[in-house]
Amino acid sequence: MFNLILFGPPGSGKGTQSENIVKTYKLQHISTGDLLREEVSRQSPLGIEARKYMDQGLLVPDEVVIGMISGKIDDMPDARGFIFDGFPRTKEQAESLDKLLEFKDTSISLVLSLEVPETELVKRLVNRGQTSGRSDDTEDVITKRIKEYHSKTAIVANHYDAFGKLVKLKGDNDIQGTFKLISQEIDKFLQPA
Ligand code: B4P
């Protein structure tokens with residue numbers, strides 16, 4: 001099994017590149033952002049709770065997110081592997097993911113960190129906000145999301161770096177250019193399906 005974490009600040013292209021990776025390598029995509037947005041649009045109790053945090057640019061509490069991921073992994077026992085997109089976002093989430101995978105006799109194979117300058121992140125997300133209708137794609141919420149990334153999420157990279165699993169990639173090329181860099185790293189583990 002090949003398990004990839006796509007890591008990076010908000011707007012670095014995790015969701016965009018996950019689509020390319022799924023098409024080429026046939027991995028199962030787990031995006032906590034997408035899962036949370038589905039709950040919000042269904043107005044489930046979890047979604048109503050999550051929205052309070054998302055609209056302020058804050059991370060949703062760990063226990064909510066970890067519970068969602070565990071169920072998703074269990075739903076796909078025959079997967080070739082998983083792409084974790086936007087998860088883990090805290091050290092606690094990283095430790096929980098490691099335990100969940102260990103329980104299934106597998107582990108994280110690779111962490112690809114998309115490095116993008118902050119001015120470009122803001123530009124991309126403000127741009128997306130003009131059409132996405134996402135309440136968190138406004139300039140003041142984007143600024144808070146980036147702040148939250150630096151205070152709680154950036155340290156997750158150190159956690160995997162200590163195991164020799166982290167690779168940093170330049171994420172401000174165009175979409176195809178960035179995908180080429182990503183493929184070169186995945187190809188060291190797994191051939192396109
Ligand atoms: P996410 O849905 O994960 O969103 P993201 O980090 O903003 O986006 P991503 O990096 O995927 O960027 P994208 O490809 O879309 O999180 C949203 C919120 O959910 C969080 O703030 C938090 O509240 C909550 N949440 C999610 N996971 C959580 C967790 N684990 N724990 C707690 N809370 C959690 O790209 C952005 C834009 O850039 C797009 O418009 C795209 O077209 C453009 N773009 C991408 N690549 C480009 C390129 N190379 N060149 C030009 N434009 C590009």
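Predicted model: local features only at pLDDT ≥ 70, side-chain atom pairs only at ≥ 80, totals over all residues.

**Loops, residues and helix pairs**

Student: Is aspartate 105 buried or exposed?
Tutor: Its relative accessible area is 75%. Buried means under 20%, exposed over 50% and partly exposed in between (1.4 Å probe, protein chains only). Aspartate 105 also has a positive phi, near 60°, though it isn't a glycine. With that 75%, aspartate 105 is exposed.

Student: What is phi of glutamine 43 near?
Tutor: Glutamine 43 sits in the loop between H2 and H3, and its relative accessible area of 59% makes it exposed. It isn't a glycine, yet its phi is positive, near 55°.

Student: Is the peptide bond from phenylalanine 87 to proline 88 cis or trans?
Tutor: Look for proline 88 in the loop between strand S3 (81-85) and H5. Omega for the bond from phenylalanine 87 to proline 88 is near 0°, and the bond is cis.

Student: Which residues does glutamate 115 touch, not counting those up to four places away in sequence?
Tutor: Glutamate 115 is in strand S4 (residues 110-115) and is partly exposed, at 36% relative accessible area. Contact means heavy atoms within 4.5 Å. With the sequence neighbours set aside, glutamate 115 touches Lys168, Leu169, Lys170, Gly171 and Asp172.

Student: How many Å apart in space are glutamate 115 and threonine 138?
Tutor: In sequence, glutamate 115 and threonine 138 are 23 residues apart. Going from C-alpha to C-alpha, the distance between them is 22 Å.

Student: At about what angle do helix H4 and helix H5 pack?
Tutor: H4 covers residues 62-75 and H5 covers residues 91-103, with their axes 10 Å apart. Axes are lines fitted to C-alpha atoms, for helices over the stretch in contact, and angles run from 0 to 180 degrees between N-to-C directions. The angle for this pair is about 25°.

Student: How is H4 oriented relative to H5?
Tutor: Angles under 35 degrees count as roughly parallel, over 145 as roughly antiparallel, 65 to 115 as roughly perpendicular and the rest as oblique. The angle of H4 with H5 is about 25°. That makes H4, relative to H5, roughly parallel.

Student: Which residues of H4 and H5 make the contact?
Tutor: H5 brings in Glu92, Gln93, Ser96, Leu97, Leu100 and Leu101. On the H4 side you'll find Asp62, Val65, Ile66, Ile69, Ser70 and Ile73.

Student: How are H2 and H3 oriented to each other?
Tutor: Helix H2 (residues 32-42) packs with helix H3 (residues 45-54) at an angle of about 120°, and their axes are 7 Å apart. From H2, Gly33, Leu36, Arg37, Glu39 and Val40 meet Leu46, Gly47, Ala50, Arg51 and Met54 in H3. As for orientation, H2 and H3 are therefore oblique.

Key
Residues numbered from 1 in each chain as written. Heavy atoms only, no water. Helix = DSSP H or I, 4+ residues; strand = E, 2+ residues; numbered from the N terminus.
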